[in-house]
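Welcome to a short tour of a protein structure. Take a moment to look it over, and then we will walk through some of its parts together.

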Amino acid sequence: MERQESQPAAGGARVAGAGKYLTFRLGEEEYGLEILKVRELIGLMEITPVPMTPEYIRGVINLRGKVIPVVDLRLKFGLQPTPDNDRKTIIVVDVKKPKGLVQMGVLVDLVSEVAFIAADDIEAPPSFGDDYATSFILGMGKSKGVLKVLLDIDVVLGSSDVISAAVHAPAQPNANAAASSLQ
Amino acid sequence: MWADDLPVKQQLDRLATLLAARDGSTADVSGLLGPLAELRLAAFDAGASDEVARVEQLMEMVAGAADEPAAAAAVQAIAALLADLGVNVVLAADEPSAIAAAEPEPEPDADIETIPLPAALEDEELLVEFLVEADEHLTAADTLLLHLERDHDDIESLHALFRGLHTIKGLAGFLELEAIGTLAHAAESLLDAVRRNERVLDGIAIDAIFTAVDKLRAMVVAVERAAKGKTPLPVDRSAIAHAEHLRKLTALDKKARLGEILVAAGAVDEQTIDASIEQQKAGDARPLGTLLIEKGVAAKQVAQGLRAQRLAAERKQDEPAPSSSTTSNTIRVPVDRLDLLVDAIGELAIAQSMLSELARSGLNARSSRLQRTLAHVERTTRELHSLASSMRMVPLRRAFDKLARVARDAARRTGKEIDFCCHGEETELDKKLVEAIGDPLLHIVRNAVGHGIEPEVEQRRTAGKPDAGKVTLTAFHRGGSVFIEVSDDGRGLSRERILKKARSQGIVDENANLSEDEIYQLILRPGFSTAPKVTDLSGRGVGLDVVKRTVDSLGGALTIRSTEGKGSTFSLRLPLTLAVMDGMVVRIGNQRYAIPLLSMVRSVRPAREDVHQVVGCGELVSIRGQLVPLVRLAQLFNIRGAAGLHEGFVVQVEDDGQQAGLLVDELLGQQQIVVKTLGDGLGCIDAFAGGAILPDGRVGLILEVGAIIRASRGYRRAVTNSNCDTRTSELSN
């Protein structure tokens with residue numbers, strides 16, 4: 001059985017390895033998360049907003065007695081907010097923080113499938129020049145003819161690049177630009 | 001087919017995802033329970049009774065999976081079910097993760113050789129039983145030895161100690177742990193010789209058994225580690241050597257004679273005994289005791305020696321069998337299973353309150369039978385909840401037993417004579433808290449022995465105190481808290497010395513006027529030590545600051561009382577259980593927040609004329625003639641749809657002597673809330689102390705009153721904005 005951890009590349013940022021990815025949709029785009037990072041999927045439930053936090057932090061939920069934050073990935077990537085619906089899902093992931101693994105929820109539009117992506121079907125993250133950091137992208141994976149952006153969730157939920165993109169320039173976000181221009 | 005229903009399909013897919021994502025090396029499959037429960041409901045709705053039964057069976061397997069093989073079996077069974085229903089699932093390989101293999105090899109030790117792991121250790125049940133029992137008996141052994149050290153005739157302790165070592169020996173035999181068996185056997189034999197009155201339990205013997213207990217403990221830890229990591233078992237050769245030493249001690253002086261007893265007790269030297277015996281041989285018919293008293297030996301000590309000799313003779317007659325037939329009506333349950341139970345009951349409570357809510361608003365609202373039944377369910381659920389929480393409570397006895405040993409060792413190392421006693425060891429506390437305060441208490445006790453008690457006996461004598469320094473450990477309930485206090489009758493804290501040191505370090509201003517309490521709190525600062533020289537025990541300036549931090553993080557407080565020359569008391573105040581507090585739940589718009597009751601002064605309905613606009617200060621509200629800043633929480637938190645000033649309530653709060661009035665829409669009532677951390681995922685948020693799970697299962701945020709009052713001082717808007725900025729940068733770090 002093939003099950004490879006993504007390996008650190010020379011530059012420090014990790015690159016995608018062959019393996020299973022949980023794929024999901026944000027708007028028109030397909031994204032992938034390393035399956036080993038995923039703890040569980042839960043349907044959209046009522047989320048308690050936490051005031052005085054960035055907009056992309058939807059709030060906190062009660063996950064069987066544990067309080068975990070939920071990040072709206074749409075807002076995080078600077079996409080237009082959409083009304084909540086039944087297809088939206090919270091993916092509970094383990095995120096590496098300086099203090100250790102932390103559980104966080106990631107709100108996405110629709111969970112698609114678990115796909116195995118072979119090494120041949122993975123390309124290195126694209127480069128858009130120095131202005132656009134793409135360290136939160138592990139690579140571009142192809143599965144059933146569809147290109148998926150494989151995310152490094154540790155970077156997405158921890159990096160200042162993506163956050164500043166979403167907070168300071170919501171009109172022209174990096175992630176969105178990166179994702180759509182690849183299509 | 002029912003499995004083709006959309007909701008069922010969703011659950012099946014979810015399960016498949018979870019199974020595929022499962023890390024094969026962990027035993028934690030609790031995450032599968034939720035989807036299974038929903039699958040069961042879906043099957044139930046579809047009327048597929050066979051599948052319901054099958055899923056229920058799976059749920060039991062998952063809930064009961066305590067170890068890896070059981071978890072793997074449950075996963076396999078679920079996969080089989082999914083396959084039967086036409087959902088393909090690829091399981092993660094059940095191999096231990098690569099991280100475990102990459103662990104650095106332990107440093108080779110000259111005294112340590114390794115042997116292959118005995119096959120018997122693979123019997124997990126036996127292994128766990130051994131580890132638990134060994135830990136229990138070895139902890140008890142420390143206490144028993146301390147009793148025996150104080151009173152050599154404490155037969156009860158002697159028997160209990162013997163039984164404990166005997167049990168360890170037996171279990172080690174089962175598990176083919178030769179070294180542990182040998183050492184336990186040697187220690188047991190020595191004690192047996194004492195029981196059969198063939199040997200005196202003197203200081204040397206007690207020390208040797210103390211060492212044996214320490215070595216046994218180290219070896220048990222090594223066994224646990226080796227069995228977990230499936231690595232070869234290290235065998236400590238020094239343990240075998242020590243067993244040999246114990247055997248020699250056992251073989252030594254088979255008969256307890258008065259002279260030997262007295263020499264062992266240090267009451268008399270051997271020359272005096274020899275001289276007296278010579279005198280007897282020369283024709284003096286008087287007993288040895290009388291002759292010794294004549295030679296200046298204290299009569300009291302001779303009497304003690306004679307008593308020991310007589311007791312030893314009596315002991316020979318009523319020899320009890322070394323049985324361990326003390327049956328107890330308790331069951332050992334792994335803590336994580338208990339936690340699962342508490343969590344499950346928590347979920348039940350949430351489901352129950354949602355059900356009650358539904359019943360109240362539904363068509364059957366008038367059915368009194370329904371209401372009665374629901375009330376019954378509610379009562380039972382609450383009872384279950386408090387029962388489950390109480391199961392986590394454990395007495396402090398074991399923690400105190402360990403501290404007795406710590407005090408003894410510290411006394412030995414400093415060469416002081418310490419009289420250590422405990423009160424209130426039956427006081428119960430949440431298990432997690434008991435574990436968390438172990439190290440802080442250890443520091444404090446070491447401090448009391450190392451620093452508190454005078455280094456020279458003469459100093460104590462001049463102060464009119466007994467030679468032995470008294471260190472007392474006390475635990476008791478007061479209010480909603482548990483207090484644990486460590487007192488000593490030593491030198492006490494010198495306020496001048498602390499102040500001088502603080503001034504020389506520049507912590508305190510030359511002219512600052514500090515209260516007694518403020519001065520004592522100085523010694524809790526990192527890097528602050530008044531000890532003139534660093535010793536092995538204490539004085540490195542680490543310790544007390546760690547103690548304070550730990551206690552703070554547990555929601556407790558550390559206070560110090562001291563009288564110079566008379567002694568000091570370190571008092572720990574701790575909450576009964578982790579993070580439960582009384583809070584007032586309030587509503588603002590459609591959001592609910594909890595305000596800690598401790599910070600609340602009162603709440604009022606403000607009148608129009610009570611609110612004043614003051615340039616530069618924002619709004620002030622007068623409550624009973626007192627002007628405090630008004631904080632419109634709806635504005636601060638950006639909540640839409642909140643009521644205006646005159647429909648709402650103002651909650652007067654206080655923190656650190658500063659006050660503010662918080663404007664809320666409604667007071668929903670006071671309740672006990674369990675504080676949950678908002679998690680590291682959010683970084684730290686000033687305005688909230690955490691989240692509380694409200695009765696309907698949603699999360700309500702708990703206000704951090706101090707931060708909100710600070711935000712209310714002066715320019716409110718700017719503070720809010722800068723808070724947002726710091727939040728962002730914290731997240732990005």
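## A walk through the model

Chain A contains four helices and eleven strands. Keep in mind that this is a predicted model. Chain A has 183 residues, and 55% of them count as buried. Among its contacts with a separation of 6 or more, 58% are between residues 24 or more positions apart. The chain exposes about 8000 Å², and carbon and sulfur atoms supply 49% of that area.

Here is one example of residues that are separated in sequence. Val38(A) sits in strand E3 of chain A. How far apart in space are the C-alpha atoms of Val38(A) and Val92(A)? They are 6.0 Å apart, while in sequence the two residues are 54 residues apart. Is Val38(A) buried or exposed? Val38(A) counts as buried because its relative accessibility is 6%, and the cut-off for buried is under 20%.

## A sheet in chain B

Now let us move to the other chain. Five strands of chain B make an open sheet with mixed pairing, in the order E4-E6-E7-E9-E8. At its edges are strand E4 (418-423) and strand E8 (557-563) of chain B, each of which pairs on one side only. On average, neighbouring strands of this sheet are turned by 15° against each other, direction ignored.

Within this sheet, strand E6 (residues 469-478) and strand E7 (residues 481-488) of chain B run antiparallel and are joined by eight bridges. His477(B), for instance, has Val482(B) in E7(B) as its bridge partner. Helix H18 (residues 431-452) of chain B packs on the sheet, where it touches E4, E6, E7, E8 and strand E9 (567-575) of chain B. The direction of H18 makes about 20° with that of E7(B). Helix H17 (residues 397-414) of chain B lies across E4, E6 and E7 of chain B, and runs at about 170° to E4(B).

## Hairpin strands

Further along chain B, strand E13 (residues 611-614) and strand E14 (residues 618-623) pair in the antiparallel sense over four bridges. Here Val614(B) stands opposite Gly618(B) in E14(B). E14(B) is also joined by four bridges to strand E15 (residues 626-632) of chain B, and these two run antiparallel. Ile623(B) has Gln626(B) in E15(B) as its bridge partner. E14(B) and E15(B) form a hairpin with two residues between them, and Arg624(B) in the turn has a positive phi of about 50°.

## Charged pairs

Side chains of opposite charge can pair when their charged atoms come close. How many salt bridges does the structure hold over all chains? The count is 35. Three of them are listed here.

| Salt bridge | Closest N to O |
|---|---|
| Lys37(A) and Asp154(A) | 2.9 Å |
| Asp419(B) and Lys470(B) | 3.8 Å |

Start with the pair Lys37(A) and Asp154(A). Lys37(A) lies in the loop between strand E2 (29-34) and strand E3 (38-43) of chain A, and Asp154(A) lies in helix H2 (residues 153-156) of chain A, so the pair ties together parts that are 117 residues apart in sequence. Lys37(A) is buried, with a relative accessible area of 11%, and Asp154(A) is buried too, at 14%.

Glu188(B) is in helix H8 (residues 178-195) of chain B and Lys169(B) is in helix H7 (residues 155-174) of chain B, 19 residues apart. Glu188(B) is buried, with a relative accessible area of 6%, whereas Lys169(B) is partly exposed at 22%.

Asp419(B) lies in strand E4 of chain B and Lys470(B) in strand E6 of chain B, so they tie together parts 51 residues apart in sequence. Both are partly exposed, with relative accessible areas of 30% for Asp419(B) and 37% for Lys470(B).

## A look at the cysteines

A disulfide is a covalent bond between the sulfur atoms of two cysteines. Over all chains, the count of disulfides comes to zero.

Terms used:
Residues numbered from 1 in each chain as written. Chains lettered and ligands numbered in written order. Predicted model: local features only at pLDDT ≥ 70, side-chain atom pairs only at ≥ 80, totals over all residues. Heavy atoms only, no water. Buried < 20%, exposed > 50% of the residue type's maximum accessible area, 1.4 Å probe, protein only. Contact = heavy atoms within 4.5 Å. Areas by Shrake-Rupley, 256 points an atom, 1.4 Å probe, with all protein chains shown as cover. Pairing = 2+ DSSP bridges. Axes fitted to C-alpha atoms, helices over the stretch in contact; angles between N-to-C directions. Disulfide = S-S within 2.5 Å. Salt bridge = Lys/Arg side-chain N within 4 Å of Asp/Glu carboxyl O.
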